[in-house]
Amino acid sequence: MLESESSSQDDEQNSDVSNQPDFQALNLQYRFDNEKSRLENDVRVGMQRIESVAQELHLLEQRSTIFGQGFGIIRRKHQFFHQESIQVNANYDQIKVVEGKQFNALYEHETKDCARTIIDLLKLRSSYKFEQHQEWNGVKDLVTYNKYGEPQITWNEQIEPLPIMQGAEIHEENGIIYTKIDGKLQVQVPSMITYTQDLIYIMSCIDSGAIRGYCDNRLQFLQQKFEMHQIFNQNLESQDQKNIKRKDFTNIFKVDTHIHHSAAMSAKHLQTFIINKLEENPYEKVGSNDGKRFTLKEIFSELKVNHLELSLDNLDVQADRTLFKRFDKFSNKYNPLGLPKLREVFLKQDNFLKGKYLAELTREMFDILESQKYNGVEWRISVYGKEMDEWNKLAKWFIKHKLQCSKVRWLIQIPRLYSVYKKSNVIQSFQDIIDNIFRPLYDVTINPTIHPHLYQALFQIVGFDTVDDESCYERISINDLKTSPKDWTSDKDPPYVYWIYYIYANMYTLNALRKERGLNTFKFRPHCGEAGSLDHLATTFLVADGINHGIELNKSPVLTYLFYLSQIGIAMSPVSNNKLFCRYNQSPFLKFFQIGLNVSLSTDDPLILHLTNEPLIEEFAIASQIFDLSAIDLAELSRNSVKQSGFEDPIKSYWAGLNLTNHTLESNNENNNNLPNSRFIYRKQTITEEHEKLEVQAQELMF
């Protein structure tokens with residue numbers, strides 16, 4: 001892990017980053033041993049450290065490549081955030097802070113230097129972010145409306161393929177696939193050199209005692225400001241919500257922003273489905289072993305289980321108290337009756353039956369969602385990177401079984417299982433995984449006729465995720481980070497930060513190509529912060545559009561503050577966390593919500609964690625009781641889920657409002673989402689004032 005290690009006296013001293021960081025053993029460590037150095041030297045020292053690291057790594061920035069000098073390095077805009085003042089009629093009691101005279105000049109200077117550093121980190125993220133996300137140009141033509149005038153899109157229409165893109169060439173260098181159009185480079189992304197340097201800089205800021213203290217003070221203020229807002233305005237907010245006609249929590253749209261498709265059904269639903277298959281067609285061939293085919297009845301005969309005796313208890317897919325801190329045992333709950341063979345038969349789409357049973361289960365879940373009307377989901381389904389044909393098989397499965405639903409959008413999850421594939425000789429290097437995942441997407445974007453099923457299926461896919469056990473100990477060396485994917489041929493898994501960079505970089509160039517063609521782009525929303533080191537969260541701050549879990553943010557005031565200011569979406573799952581890594585009484589969910597982070601509630605794995613066919617409502621109900629949430633809080637969380645989701649703009653604007661990615665221009669649609677404007681305006685004013693305060697402090701420092 002890319003850890004920051006401070007001295008034992010770090011909390012008592014304002015220590016600074018050493019000019020000569022120690023990169024021995026498994027961690028990139030930061031030593032703070034010069035008490036005389038003040039915080040205003042942080043940026044200068046950080047840059048000196050980066051230069052020395054670049055020399056040590058022999059990163060060869062002068063090497064000439066097809067990308068020119070210093071491949072992929074973006075020129076950053078060195079200007080301060082400019083936030084327009086919000087002119088609104090805030091009809092509620094407001095809490096204002098009137099600053100007095102600052103008696104300690106050194107403390108004042110330190111505070112202002114912290115503000116400048118935070119702004120620098122925000123600009124750093126903006127240099128990585130893909131800003132031009134878009135939908136397919138013809139999406140508005142697919143919108144239909146129910147009797148209440150509520151929009152929906154089903155994606156069940158055939159989309160006319162685009163013509164072949166003339167003059168487009170696909171290239172690859174240093175693990176990044178990219179295109180040239182008529183010989184011109186289409187886009188540049190930050191290189192691994194830049195990424196490593198920036199990650200080191202972020203970690204040094206995370207470990208700065210002064211910056212930690214500054215961010216912690218701001219977070220405490222924001223949390224207490226919300227509590228004061230509730231004291232003075234809860235009756236007003238409640239009355240405002242009661243004045244909204246026809247809408248309440250039961251009929252506002254909410255999205256399960258983090259849910260795995262293979263565990264999306266309830267345990268009772270799966271049990272009933274298995275029993276029905278055993279009764280209807282027990283002798284259907286469902287798999288083969290060493291060339292010998294077997295039936296479903298034969299599987300249960302070997303287990304000596306009569307299907308009439310099958311219960312939720314012996315199905316054994318529900319979580320229990322033995323799973324805490326045991327991700328390995330949690331993963332085994334995906335195996336009905338503890339048998340991987342049954343998981344292969346019922347919960348996989350690439351199997352002997354070509355996903356027939358899973359498709360039938362999926363269509364049954366479609367019917368449940370359509371009957372519920374106001375629950376949307378973003379199901380994760382795996383592309384492993386084991387072979388080039390995975391995408392085509394998945395797309396044919398989508399199209400053959402007509403797996404389109406107005407309440408469902410899909411994300412592709414990439415399991416970080418390189419070492420498993422390498423040891424079994426499925427792949428030869430990490431580059432094989434990159435090629436298998438991304439090359440078919442470039443091909444079909446340039447020439448839709450070569451994979452027509454994939455071309456159609458991609459309209460329903462809104463983003464990418466990456467999954468595995470974050471709690472596994474990682475050992476990172478400099479050699480790891482400078483190893484190119486084609487040279488990563490050992491059996492060892494690449495570290496998290498390595499995986500994230502190469503997924504991000506290839507998504508960036510792919511999105512640029514798809515934008516050029518007028519097609520939908522994909523967002524990057526990986527699992528992050530469920531466990532593991534803070535470098536996981538540091539790297540997703542740089543490159544991700546949103547994350548899943550995020551509970552480890554609570555260990556870093558700096559990262560928490562940065563996630564707040566950037567409004568990075570966090571799909572939190574308190575029920576899942578309670579079973580695996582973080583008990584309810586230690587969950588930071590309520591704290592994050594009060595501060596104003598962009599958090600939503602999600603279910604993760606209903607098969608394992610929930611009891612009914614409405615797992616998202618279960619999640620809301622449990623959170624409402626444990627964290628004492630009001631109806632207004634539930635409406636805000638529902639709106640956040642729509643805002644974070646990949647549903648199309650006509651749907652998001654109806655349920656949430658306009659300009660959802662710009663907090664200064666964002667609007668609310670209270671008549672549709674039941675969130676009173678008094679709460680919305682409070683959130684909007686608070687974050688705008690926070691940005692303005694940073695800007696003023698940083699500018700004062702310059703003078």
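1. A pocket, on a 1 Å grid over the protein atoms alone, is an open set of points with protein on both sides within 12 Å along at least five of seven lines, and its lining residues have an atom within 4 Å of a point. Helices (H or I, at least four residues) and strands (E, at least two) are DSSP runs, numbered from the N terminus.

2. Please keep in mind that this is a predicted model, in which local features need pLDDT of at least 70, side-chain atom pairs count only at pLDDT 80 or more, and totals for chains, interfaces and linings use all residues. Residues are numbered from 1 along each chain as its sequence is written, and side-chain values use heavy atoms, with hydrogens and water left out.

3. Now the overall picture: the protein has 26 helices and 18 strands. Of its 703 residues, 59% are buried (under 20% relative accessible area, with a 1.4 Å probe and protein chains only). Among contacts (heavy atoms within 4.5 Å) with a separation of 6 or more, 76% join residues 24 or more positions apart.

4. On to the second largest pocket, whose volume is about 1100 Å³ (the space filled by probe spheres set on the grid points, which are joined across faces, edges and corners). Its lining has 38 residues, and nearest the centre lie Arg343, Lys348, Ser382, Tyr384 and Pro415. Elements giving two or more residues to this lining include helix 9 (340–346), strand 11 (375–382) and strand 12 (408–415). Even so, helix 8 provides the largest share, with four residues.

5. The largest cavity has a volume of about 250 Å³. It is lined by 21 residues, with Gln567, Glu636, Lys643, Arg683 and Lys684 closest to its centre. Helix 20 (589–595), helix 23 (631–644) and helix 26 (677–702) each give two or more residues to that lining, and helix 26 gives the most, seven.

6. Met228, found in helix 4 (residues 209–242), is partly exposed at a relative accessible area of 36%, where partly exposed covers the range between buried and exposed, the latter being over 50%.

Technical notes
1 Å grid on protein atoms, 1.4 Å probe; cavity = no way out; pocket = protein on both sides within 12 Å on 5 of 7 lines; lining within 4 Å.
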